Amino acid sequence: MSIFGAMDVSATGMTAQQTRMDTISENIANVNTTRDADGNVYRRKTVVFEEKSYPSFSETLSMANGHIGRGVKVAEIVEDTSEGNMVYDPSHPDANEDGYVTYPNVNTVTEMTNMIDATRAYEANVTVLNSTKGMIQQALNIGQS
């Protein structure tokens, strides 16, 4: 793998973690959203990652020879289909005939934990990128001597 390949892997990781943080932020922002534009309760969203694909045979062969991958990409953003929280509030405009309101299936503690995890993964990718830049700079300095 070239040194620029290492930078590419770090860059794809940062992009993927940014998408994850954006999705988590959306979940937190909608923790009390009982009705969206279509009249449905907001559903928690999660990001699914996958390794970037290898379209050619030579790239697949180089992977088999011990080279590391090309990074990560966001495969899809999926909705959590679990049931939301039922809260008794008969005065709420979205209450059902029994007086219960269905709130989104978003747990703020879980989302904050996931946000910390995504932030640390992003920071790890930044550290790798900065280390790679430092190695390139040192190689250029050696070449000038």
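Me: Is T23 buried or exposed?

Reply: T23 comes out at 5%, so T23 is buried. This is a predicted model: local features need pLDDT of at least 70, side-chain atom pairs count only at pLDDT 80 or more, and totals for chains, interfaces and linings use all residues. Residues are numbered from 1 along each chain as its sequence is written, and side-chain values use heavy atoms, with hydrogens and water left out.

Me: Which residues does T23 touch, apart from those up to four places away in sequence?

Reply: Contact means heavy atoms within 4.5 Å. On that basis T23 touches K45, T46, V47 and I77, with residues up to four places away in sequence not counted.

Me: Where in the chain is T23 found?

Reply: In helix α1. Helices (H or I, at least four residues) and strands (E, at least two) are DSSP runs, numbered from the N terminus. The chain has three helices and four strands. Their pattern along the sequence is α-β-α-β-β-β-α.

Me: What do the buried residues of α1 pack against?

Reply: They pack against β1 (45-51), β2 (72-79) and α3 (108-144). The buried residues of α1 include G13, M14, A16, Q17, M21, I24 and N27. T23 is on that list too.

Me: What part of the chain is buried?

Reply: Buried residues make up 26% of the 145 residues. Contacts give another view of the fold. Among contacts with a separation of 6 or more, 64% come from residues 24 or more positions apart.

Me: Which residues make the nonpolar surface patch?

Reply: Patches take residues with over 30% relative accessible area and no salt bridge; like charges are joined within 9 Å, nonpolar side chains (Val, Leu, Ile, Met, Phe, Trp, Tyr) within 5 Å. I3, F4 and M135 make a nonpolar patch of about 310 Å². F4 lies in helix α1. At 58% relative accessibility, F4 counts as exposed.

Me: How many salt bridges does the structure hold?

Reply: Six. A salt bridge is a side-chain nitrogen of Lys or Arg within 4 Å of a carboxyl oxygen of Asp or Glu. Take K45 and E26, whose side chains meet at 3.5 Å, N to O. K45 is in strand β1 and E26 in helix α1, so the pair ties together parts 19 residues apart in sequence. E26 is partly exposed at 33%.

Me: What does the salt bridge of E50 and K73 tie together?

Reply: These side chains meet at 3.4 Å, N to O. E50 lies in strand β1 and K73 in strand β2, so the pair ties together parts that are 23 residues apart in sequence. E50 is partly exposed at 38%. K73 is partly exposed at 32%.

Me: Is E111 buried or exposed?

Reply: E111 counts as buried, at 1% relative accessibility. R44 counts as buried as well, at 14%. The side chains of E111 and R44 meet in a salt bridge of 2.4 Å, N to O. This pair links distant parts of the chain, 67 residues apart: E111 sits in helix α3, R44 in the loop between α1 and β1. R44, D80 and E111 are linked in a network of salt bridges.

Me: What describes a pair of aromatic rings?

Reply: The distance of the centres and the angle of the planes. Rings of Phe, Tyr and Trp (its six-membered ring) pair if their centres lie within 6.5 Å; planes under 30 degrees apart count as stacked, over 60 as edge-to-face and the rest as tilted. A search of the whole structure finds one such pair. The ring centres of Y88 and Y100 are 5.3 Å apart with planes at 65°, so this pair is edge-to-face. Y88 is in strand β3 (residues 85-88) and Y100 in strand β4 (residues 100-103), so the pair ties together parts 12 residues apart in sequence. Y88 is exposed at 52%, whereas Y100 is partly exposed at 35%.

Methods
Buried < 20%, exposed > 50% of the residue type's maximum accessible area, 1.4 Å probe, protein only. Areas by Shrake-Rupley, 256 points an atom, 1.4 Å probe, with all protein chains shown as cover.
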